[in-house]
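Visitor: I am new here and would like to know where the words used for a structure come from. Could you walk me through some of them?

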Amino acid sequence: MGCVHGKCFGRFKKFFCFSCSFDCLCCVSCSHCQASCTAAAGDDSFGDNEIVPSQLRGRCGLSHVLTGASLSAADVPSAGLRLHFSTLTQRGYYPDEPDRTNEDSFCVKLRLQGDPDLHLFGVFDGHGKFGAQCSEFVRDKLPDFLAADARLPENPVEAFNSAFAATNRALRESAIDDRNSGTTAIAVLVRGDTLFVANVGDSRAVSGVRKDERVVAEDLSSDQTPFRRDECERVKRCGARVLTIDQIDGVKDPNVECWDEKDPDPPRVWVQDGKYPGTAFTRSVGDATAESVGVVAVPEVKEVNITDDHAFFVIASDGVFEFLSSQAVVDMVSSFVDLRNACSAVAAESYKLWLKKDYRTDDITIIVVQIEDLSEISFPCIPSESVA
């Protein structure tokens, strides 16, 4: 297992980092203590630049690269709010590909268009041969298209739709081969006291809302997969076949659509006359072949008003939500004061469950954003430099 900090899980030997006093799983040198909280005036962008790589001894001596959990904050003056946020990404464990690149990426863009009330948080989960390049391309281009759209402050929904379409076109016209590669994308725009959540694919955003002495999970997005009847029927109307691998191989009846979400063989999207592309999601950026049968880059955008009961929101790739429910993630985040520890605990539990269910793990990326009343905070907000 890789190095994941805070509450540690798993069956591996622990070491202790004397620099930051964290118990780390299989660490040789801990990257948590390298996370920066240094002020950097004028730098409002956060991406998944890797901290100095630590050699993390996992199974079979595998070297993992963990981007250390970061911590920063941003004010939303018009709403009287402060957003404290932490980010973490961990490369998956692939025994057959020990040097495989992390195909997840993320971004935090503060004060879009110079507006102190506009902040963007996004997670991008690449797939296919050029998945990492697709993920990074969309991470960089989508915020740029949003920031360049004059409609953003007044009509974020139109701005999101336009930005996703422009990003998809730009990826298609780039040097990256996106015929069978692409990325899912989940982005949350904070505009004053309102969240606008744009989703393409099966990453997820969820809020933690205080109710009756506990914090309850409320999904801010809906996974776009063939398990959703509306999405399944939509891609079928575009000419797709929707079948599991066993069904397409003739092992199971292709006419039966009673799919179990706990089955490791999920329904996938296929062309009529071939065994491709086989995507387990119904929307993405890129994936030109799959787009021909309805796998589109059109986001579903949800608008949510921030109330006094909203404690935080979480954005994460399906590496987290494959085996953890929204409520389980919210429960874990609620149990930590330090958001870095919360990110690390969720990542560690996700990693543990992957290894319990499978021989490998997916890449894991998470952003936790805590919402606080600015009037109850006595110290000023100092932004951090680029970390992830």
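Guide: Gladly, and let us begin with a term: a polar contact is a pair of N or O atoms within 3.5 Å, and within protein one must be able to donate a hydrogen and the other to accept it. The side chains of Ser-203 and Thr-184 make such a contact, at 3.4 Å. Please keep in mind that this is a predicted model.

Visitor: Where is Ser-203 placed?

Guide: Ser-203 sits in the loop between β11 (194-200) and β12 (204-211).

Visitor: What makes Ser-203 buried or exposed?

Guide: Buried means under 20% relative accessible area. Ser-203 has a relative accessible area of 0%, so Ser-203 is buried.

Visitor: Which residues does Ser-203 touch, leaving out those up to four places away in sequence?

Guide: Among them are Asp-125, Ile-186, Asp-223 and Asp-318, together with Thr-184.

Visitor: How many residues does the chain have, and what share of them counts as buried?

Guide: The protein chain has 388 residues, and 56% of them count as buried. It holds eight helices and 20 strands. Among contacts between residues at least 6 apart in sequence, 67% join residues at least 24 apart.

Visitor: How many disulfides does the rule give?

Guide: The count is zero. A disulfide is a covalent bond between the sulfur atoms of two cysteines. The rule asks for a pair of cysteine sulfur atoms within 2.5 Å, and it finds zero disulfides here.

Visitor: What are Cys-232 and Cys-238 called, buried or exposed or in between?

Guide: Cys-232 has 1% relative accessibility, which is under 20%, so Cys-232 counts as buried.

Visitor: Why is the pair of Phe-160 and Phe-164 called tilted?

Guide: Their centres are 6.3 Å apart, with 45° between the planes. Stacked needs under 30 degrees and edge-to-face needs over 60, so an angle of 45° leaves the term tilted. Both residues lie in helix α2 (residues 156-173), four residues apart, about one turn of the helix. Phe-160 is buried at 0% relative accessibility, and Phe-164 is buried at 1%.

Visitor: How do you know that Arg-100 lies over the face of Tyr-94?

Guide: For Arg, the rule asks that CZ be within 6 Å of the ring centre and within 35 degrees of the ring normal. Arg-100 is listed as lying over the face of Tyr-94, at 4.0 Å from the ring centre, so the distance is within the cut-off.

Visitor: What joins Asn-102 to Thr-89?

Guide: A polar contact of 3.0 Å joins their side chains. The side chain of Asn-102 also reaches the backbone nitrogen of Asp-104 at 2.9 Å. Asn-102 lies in the loop between β7 and β8 (104-110) and, at 12% relative accessibility, counts as buried.

Visitor: What is the peptide bond between Tyr-276 and Pro-277 called?

Guide: It is a cis peptide bond, with omega about -5°. Pro-277 has its place in strand β16. Most residues other than glycine have a negative phi, and most peptide bonds are trans.

Visitor: What is the phi of Glu-213?

Guide: It is near 70°, a positive value in a residue other than glycine. Glu-213 has a relative accessible area of 86%, and exposed means over 50%, so Glu-213 is exposed.

Notes:
Residues numbered from 1 in each chain as written. Predicted model: local features only at pLDDT ≥ 70, side-chain atom pairs only at ≥ 80, totals over all residues. Heavy atoms only, no water. Helix = DSSP H or I, 4+ residues; strand = E, 2+ residues; numbered from the N terminus. Buried < 20%, exposed > 50% of the residue type's maximum accessible area, 1.4 Å probe, protein only. Contact = heavy atoms within 4.5 Å. Phe/Tyr/Trp six-rings, centres within 6.5 Å; stacked < 30°, edge-to-face > 60°.
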